Amino acid sequence: MKPQTSKTERVIFYFVLVTMSISFLYAVVRIFTSPASYSDDVYLVKSDYLLMTLQALGGLFMLFLPTMIEKKWKVDIPAGINIFLLIFLYAAIILGEFRRFYFYVPGWDKMLHIVSGAFLAALSFSVITMLNGYDIIKMNPLFVAIFTFCFAMTLGVLWEFYEYAWDTFAGLNMQKYADAQGVPHVGRAALADTMGDLIVDAIGAISVSILAYFTVKYDKPWINALIIKKIA
């Protein structure tokens with residue numbers, strides 16, 4: 001991490017790193033020791049642990065991604081973004097996948113998606129602000145709002161493509177088209193998770209897009225704290 005990282009950020013980072021690493025190793029072992037199919041006394045099978053392994057591996061990569069971006073492009077990512085990412089990864093992977101919150105806590109997945117939609121929209125606002133040389137006064141507020149929304153929604157759709165690909169080719173359940181015991185949903189219920197994800201992505205994205213519009217139109221600092229800054 002950066003030398004100037006705050007103590008709070010470091011504590012959260014190492015907590016998530018250690019938890020994610022242990023969870024990854026546990027899931028890898030369980031891939032080889034778990035049965036391949038569900039039964040009355042088997043609630044987790046090889047495919048579940050494979051999904052956990054892939055999620056934890058991706059989470060470990062994401063933990064170090066901000067630092068890699070800062071070094072490669074010489075930018076300073078605000079501490080708020082880093083802390084949000086750490087908490088989000090813990091909620092999505094450790095709680096959501098390993099602790100099965102996606103199945104047993106109503107609305108957990110949708111809550112994460114609405115937050116991620118808002119976060120991606122804030123990220124897109126940061127990107128367009130950088131491209132404009134941080135001079136938001138000269139930007140068209142309507143264009144900024146539309147770009148912010150479309151950028152976030154495009155990433156949300158690409159994520160659903162990613163989940164669908166893994167579910168198709170590896171037999172996973174990333175899109176939650178089946179319940180906790182692997183029983184597939186039928187008909188309209190099979191579409192509910194993906195469509196619900198996209199809808200709440202849109203709600204989160206459009207909320208930040210509106211803030212972006214008024215931030216530019218009236219030069220207000222409502223989301224300026226999330227802007228990534230050039231340091232060189």
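Helix α1 passes helix α2 in a left-handed crossing, a crossing being left-handed if the near helix is turned anticlockwise from the far one by less than a right angle, and right-handed if clockwise. Helices (H or I, at least four residues) are DSSP runs, numbered from the N terminus. The model is predicted, so that local features need pLDDT of at least 70 and side-chain atom pairs count only at pLDDT 80 or more, whereas totals for chains, interfaces and linings use all residues. Residues are numbered from 1 along each chain as its sequence is written, and side-chain values use heavy atoms, with hydrogens and water left out.

The axes of α1 and α2 lie 8 Å apart, at an angle of about 150°; axes are lines fitted to C-alpha atoms, for helices over the stretch in contact, and angles run from 0 to 180 degrees between N-to-C directions. This makes α1 roughly antiparallel to α2, since angles under 35 degrees count as roughly parallel, over 145 as roughly antiparallel, 65 to 115 as roughly perpendicular and the rest as oblique. The contact of α1 with α2 comprises 18 nonpolar, four polar and two charged residues. In this classification Ala, Val, Leu, Ile, Met, Phe, Trp, Tyr, Cys and Pro count as nonpolar, Asp, Glu, Lys and Arg as charged, and the others, Gly among them, as polar.

For helix α5 (residues 108–131) and helix α6 (residues 141–170), the axes come within 8 Å and cross at roughly 130°. That makes α5 oblique to α6, and their crossing is right-handed. Residues of α5 including His113, Leu120 and Phe125 meet residues of α6, among them Phe147, Phe151 and Trp159, where contact means heavy atoms within 4.5 Å. By class, eleven nonpolar, four polar and one charged residues form the contact of α5 with α6. Leu155, found in helix α6, is partly exposed, with a relative accessible area of 30% (buried means under 20%, exposed over 50%, partly exposed in between; 1.4 Å probe, protein chains only).

A nonpolar core is a set of buried Ala, Val, Leu, Ile, Met, Phe, Trp, Tyr and Cys residues joined through side-chain atoms within 4.5 Å. In the largest such core, of 24 residues, Met20, Leu63, Ile93 and Phe98 touch the most other members. Two or more residues are given to this core by each of α1 (7–33), α2 (46–73), α3 (79–98) and α5, and α3 gives the most, with nine residues. Leaving aside neighbours within four places in sequence, Phe98 is in contact with Ser23, Phe24, Ala27, Met52, Ala56 and Ile93. Another core, of 15 residues, lies apart and includes Met139, Val208, Ala212 and Ile223.
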